[in-house]
Amino acid sequence: MPSLKQTPLNAAHRAMGAKMVDFGGWDMPVNYGSQIEEHHQVRNDCGMFDVSHMRVVDVKGEGARAFLRHLLANNVDKLTVPGKALYSTMLLENGGVIDDLIVYFMREDWFRIVVNAGTADNDLVWMKQQAAQHAPQLTIVDHPELAMIAVQGPNARTKVWEALPGSKELSEHLIPFSAVEMGSMFIARTGYTGEDGFEIMLPAKAAPFFWATLAEHGVKPIGLGARDTLRLEAGMNLYGHDMNERVGPLESGLAWTVDLKSPRDFIGKAALLAHPPTLKLVGLLLLDRGVLRDHQHVHSAHGEGEITSGSFSPTLEKSIALARVPNGVQIGDSVQVAVRDKMLAARVVKYPFARNGKGLV
Amino acid sequence: MSNPGNLKYTASHEWVKTEADGTLTVGITDHAQELLGDMVFVEAPTAGRKLKAKEECAVVESVKAAADVYAPVSGTVTAANSELDGTPEAINSDPYGAWIFKMKPDNAADVAALLDATAYQAVVDSEAH
């Protein structure tokens with residue numbers, strides 16, 4: 001068995017009683033006891049996640065903006081204030097999604113991108129290849145030496161301010177989806193839970209101390225299990241489940257992140273315009289007893305679909321899912337989901353399912 | 001939690017208790033609930049259903065995954081634990097108390113052939129490698 005990659009917090013997780021699992025080649029904590037309790041902890045108070053497996057990539061040099069305008073499906077021209085962040089997909093020429101990411105505008109010659117762990121190597125190859133072709137003056141620098149800790153929940157920012165002297169002055173006026181540097185740390189008011197909070201990048205060597213300091217201030221560790229149910233309730237896509245290299249953003253609920261109206265050209269645009277979507281992503285709420293899971297078939301009056309992310313919602317205490325279904329399916333429709341040997345009733349609902357501590361469905 | 005010595009076990013992680021009247025009470029082991037995590041749904045077989053040994057007969061679902069529960073021996077289901085409908089998490093907190101179904105074995109001798117606590121622990125240990 002190839003050895004699993006470890007984050008700088010591996011020993012800390014084990015010391016805190018984490019159950020570790022192989023997560024795409026990384027040895028990561030899935031929970032520290034109860035996934036459901038961890039989920040509620042984040043919705044009701046706050047918790048911290050080790051997301052050091054995600055990769056930080058800096059695009060540096062003159063013309064960085066022009067390069068990203070071409071590389072990304074969302075328009076970096078929306079970023080006018082230093083520190084501001086944008087969610088985007090990065091597409092293949094055929095319109096399939098290579099990855100989804102957050103790009104931060106720091107300076108005209110420095111944009112910072114955070115990509116998924118499992119796709120990071122592939123992303124880097126693609127970005128370097130595109131840069132070599134279109135903007136050879138740029139440097140694409142990845143930062144495996146940076147750790148990342150997400151602190152999320154209604155009390156997250158206050159806890160970070162208590163644990164990290166000097167951070168309040170710098171970050172209390174940060175609007176959502178923006179970031180600021182603090183020495184060698186990078187504090188972003190972003191996340192993947194539907195709650196307020198920060199994602200903090202810092203040198204790997206400093207991560208165990210910061211993690212321990214947060215714990216001393218009462219911030220509970222949260223595993224990747226709860227991270228997944230939190231993001232699903234928040235209606236946030238997960239790469240490889242809700243979209244991939246064969247399924248584009250328009251069929252993945254991400255039309256809001258794709259700018260097809262401006263004259264700007266970007267990789268994948270022609271394919272998106274040539275192939276209007278016939279499927280769309282919707283939310284499902286299970287009415288019968290059971291649990292919706294990835295890849296279960298959805299039967300609607302307009303044809304078949306498939307669940308792309310399904311689980312149990314601890315906030316709603318019901319099963320929920322994201323599903324890709326024919327365009328004709330509407331909010332409020334009743335559908336059937338094939339679960340083992342049964343057909344279970346579900347309702348098509350708007351998502352997010354829950355945010356800011358409350359269920360919305 | 002150690003595996004109670006008065007129970008029998010299967011390699012597929014069910015525990016089996018023989019009651020005074022010969023009925024079998026079946027649940028999943030502490031090791032199984034630990035692997036699955038927070039339980040959110042249990043689908044037990046209905047009374048009267050005939051089971052063959054090793055047949056899939058119940059489903060337990062945690063937040064993380066669904067897992068089949070297998071009939072430890074051949075026989076007939078006599079009861080399902082309806083309390084688990086509202087409190088599936090009892091399997092996490094009390095795996096050897098939160099039974100899933102009861103059955104009458106076709107052949108009581110089949111039960112004797114199941115694993116004892118020591119043999120079951122050896123199965124668990126071998127999975128860890």
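In this predicted model, helices α3(A) and α4(A) are oblique to each other, because their axes cross at roughly 120°, an angle that belongs to neither the roughly perpendicular range of 65 to 115 degrees nor the roughly antiparallel range over 145.

**Helix pair in chain A**
- Helix α3 of chain A covers residues 64-71 and helix α4 of chain A covers residues 120-134, and their axes come within 11 Å of each other.
- The crossing of α3(A) and α4(A) is right-handed.
- On the α3(A) side the contact is made by A:Phe67, A:His70 and A:Leu71, which meet A:Met127, A:Gln130, A:Ala131 and A:His134 of α4(A).
- Sorted by class, this contact of α3(A) with α4(A) holds four nonpolar and three polar residues, with no charged residues.

**Domains of chain A**
- The domain assignment divides chain A into domain 1, made of 10-49 together with 145-233, and domain 2, which is 278-359.
- Taken over C-alpha atoms, the centres of domain 1 and domain 2 of chain A are separated by 29 Å.
- Where these two domains of chain A touch, twelve residues of domain 1 are in contact with twelve residues of domain 2.
- On the side of domain 1 that touches domain 2, α2 and α8 of chain A are the elements that give two or more residues, and α2(A) gives the most, with five residues.
- That side of domain 1 of chain A is made up of three nonpolar, five polar and four charged residues.

**Contact between chains A and B**
- Chain A brings 13 residues to the contact, and chain B brings nine residues.
- On the side of chain A that touches chain B, α2 (35-44), α8 (224-233) and β16 (303-313) each supply at least two residues.
- By class, the residues on this side of chain A are three nonpolar, seven polar and three charged.

**Sheet in chain B**
- Three strands of chain B form an open sheet in the order β4-β6-β7, with antiparallel pairing.
- Because β4 (39-43) and β7 (66-70) of chain B each have a single partner strand, they stand at the edges, and one side of each is left without a neighbour in the sheet.
- From one strand of this sheet to the next, the twist averages 25°.
- Four bridges pair β4(B) with β6 of chain B, residues 56-62, in the antiparallel sense, and within this pairing B:Val42 stands opposite B:Val60 in β6(B).

**Hairpin in chain A**
- Strands β1 (residues 19-23) and β2 (residues 26-31) of chain A run antiparallel and are joined by five bridges, with A:Asp22 standing opposite A:Asp27 in β2(A).
- The two strands β1(A) and β2(A) form a hairpin with two residues between them, and in the turn A:Gly24 has a positive phi of about 55°.

**Backbone details in chain A**
- Most residues other than glycine have a negative phi, and most peptide bonds are trans.
- A:Glu317, a residue other than glycine, has a positive phi near 55°, and A:Glu317 lies in the loop between β16 and β17 (318-326) of chain A.
- The peptide bond that joins A:Tyr351 and A:Pro352 is cis, with omega about 5°, and A:Pro352 is placed in the loop between β19 (342-349) and β20 (354-355) of chain A.

Note on methods. Residues are numbered from 1 along each chain as its sequence is written. Chains are lettered from A and ligands numbered from 1 in the order in which they are written. This is a predicted model: local features need pLDDT of at least 70, side-chain atom pairs count only at pLDDT 80 or more; totals for chains, interfaces and linings use all residues. Two strands pair if DSSP finds at least two bridges between them. Axes are lines fitted to C-alpha atoms, for helices over the stretch in contact, and angles run from 0 to 180 degrees between N-to-C directions. Two residues are in contact if their C-beta atoms, placed from the backbone, lie within 7 Å. Ala, Val, Leu, Ile, Met, Phe, Trp, Tyr, Cys and Pro count as nonpolar, Asp, Glu, Lys and Arg as charged, and the others, Gly among them, as polar. Angles under 35 degrees count as roughly parallel, over 145 as roughly antiparallel, 65 to 115 as roughly perpendicular and the rest as oblique. A crossing is left-handed if the near helix is turned anticlockwise from the far one by less than a right angle, and right-handed if clockwise. Domain bounds come from an automatic or database domain assignment.
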